[in-house]
Amino acid sequence: MSSTTIQISASWPEQRLDLASRESHRLRNGLVSAVVLATVAVALVFSLPGLQGVARRIGEIDGGWMSVAILLELASCAGYALAFQLVFDRMPRRLASRIAYAEMAFGAVVPAGGAGGIALGAWIARARGASLRHFMERSAVLFLLTSAINAATLAVAGLLVAAGALPAPHRMLLGLLPGAFAVVSILAFLAIPPLAGRVGVPGDERRHVRWLHTTADVVRDSVRELRAPRWRLVGAVAYLWCDIAVLWVSFRAFGATPSVGALILAYQIGYLSNLLPIPGGVGVLDGGIAAALILYGVPAAPAAAAVIVYHVLALWIPTLLGTTAFLRLRSTLHDPVTSELSRQPVSFQQSSVNQA
């Protein structure tokens with residue numbers, strides 16, 4: 001073993017501790033920012049004259065329906081953990097669940113949305129001696145799989161609204177348009193593998209060709225999971241549908257019952273606002289979903305009250321679960337991992353030698 005290899009192996013524990021501190025710092029900053037923004041938002045709701053009706057409605061919330069909403073949000077979080085286990089099926093179940101929950105916490109409170117959660121998972125993969133590239137590829141499959149459930153739900157809801165099977169105003173504009181967009185998006189991704197076969201060959205050094213073939217592989221893997229479904233695929237469905245159900249139950253907690261079609265479409269469209277890099281999406285996600293609900297004919301006061309309650313649950317339940325999981329992960333970073341990311345157990349010293 002060369003002196004360079006010895007130096008790298010010796011310094012790896014310090015590098016691992018530095019990575020752990022950096023990720024802890026990112027999570028802590030995100031949590032603090034989300035708490036500050038949430039405090040300001042609550043203060044505005046209870047102080048501004050125009051929002052006092054919303055505050056009064058929140059004070060009249062039904063505790064029984066709130067309990068149901070909490071259980072549904074927990075089910076949504078468990079659904080993501082199951083979907084993660086489905087994609088990373090050779091990873092130890094406990095490790096996979098902890099990474100999944102930790103990713104949700106980072107995705108919730110760290111700016112840049114889901115990219116923050118994936119970055120966390122990549123850091124853990126590297127720290128546990130696994131293949132970073134394979135982790136990113138499988139993460140892309142997980143993202144595409146959950147996105148496919150989103151797109152399919154949007155397509156079905158939009159087309160049902162357009163056909164009049166689900167009530168909503170402006171059926172063609174607010175039903176057919178988003179439904180058709182979802183269908184076109186699905187078809188566009190399905191067209192990538194055949195297109196890749198006509199453009200260059202795997203291993204081509206041109207950047208756009210490499211990107212096309214990598215994306216084609218991800219699409220093929222995602223389609224394979226859907227064509228031969230395993231029971232954990234229900235987690236990808238529960239991850240979305242249970243979260244939508246939380247919003248519906250939040251309305252029920254105030255005695256309101258919006259149209260299911262309008263609720264689903266407004267939820268999907270409103271979530272586009274979460275692309276803005278705001279910790280926790282505080283103020284942005286609430287405003288986006290509430291505005292979309294109002295566009296679909298839901299009265300402003302119950303829409304705002306229900307969305308605020310929904311966002312409190314959708315933000316803090318995954319954050320608390322994920323923060324706990326992250327703290328547990330920190331204490332086990334020295335353990336080797338056996339997974340499809342790394343076919344054999346790899347200790348940190350072995351990983352360092354290989355990298356050298």
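In the predicted model, aspartate 89 is partly exposed, with a relative accessible area of 28%. Its side chain meets that of arginine 230 in a salt bridge, with a distance of 3.1 Å from N to O. This pair links distant parts of the chain, 141 residues apart: aspartate 89 belongs to the loop between helix 3 (63-87) and helix 4 (93-109), whereas arginine 230 belongs to the loop between helix 9 (207-227) and helix 10 (233-252). Arginine 230 is likewise partly exposed, at a relative accessible area of 36%.

A further salt bridge is formed by aspartate 221 and arginine 138, whose closest N and O atoms are 3.7 Å apart. Because aspartate 221 lies in helix 9 and arginine 138 in helix 6 (residues 132-163), the pair ties together parts that are 83 residues apart in sequence. Arginine 138 has a relative accessible area of 10% and is therefore buried, as this class covers values under 20%. Aspartate 221, with 23%, is partly exposed.

Helix 9 also holds a pair within its own length: aspartate 217 and arginine 220 are 3 residues apart there, so about one helical turn separates them. Their side chains form a salt bridge in which the closest N and O atoms are 2.9 Å apart. Aspartate 217 is partly exposed at 41% relative accessibility, and arginine 220 is partly exposed at 35%.

Salt bridges with shared partners join Asp89, Arg138, Asp221, Arg224, Glu225 and Arg230 into one network. The count for the model comes to 6 salt bridges.

Terms used. Residues numbered from 1 in each chain as written. Predicted model: local features only at pLDDT ≥ 70, side-chain atom pairs only at ≥ 80, totals over all residues. Heavy atoms only, no water. Salt bridge = Lys/Arg side-chain N within 4 Å of Asp/Glu carboxyl O. Helix = DSSP H or I, 4+ residues; strand = E, 2+ residues; numbered from the N terminus. Buried < 20%, exposed > 50% of the residue type's maximum accessible area, 1.4 Å probe, protein only.
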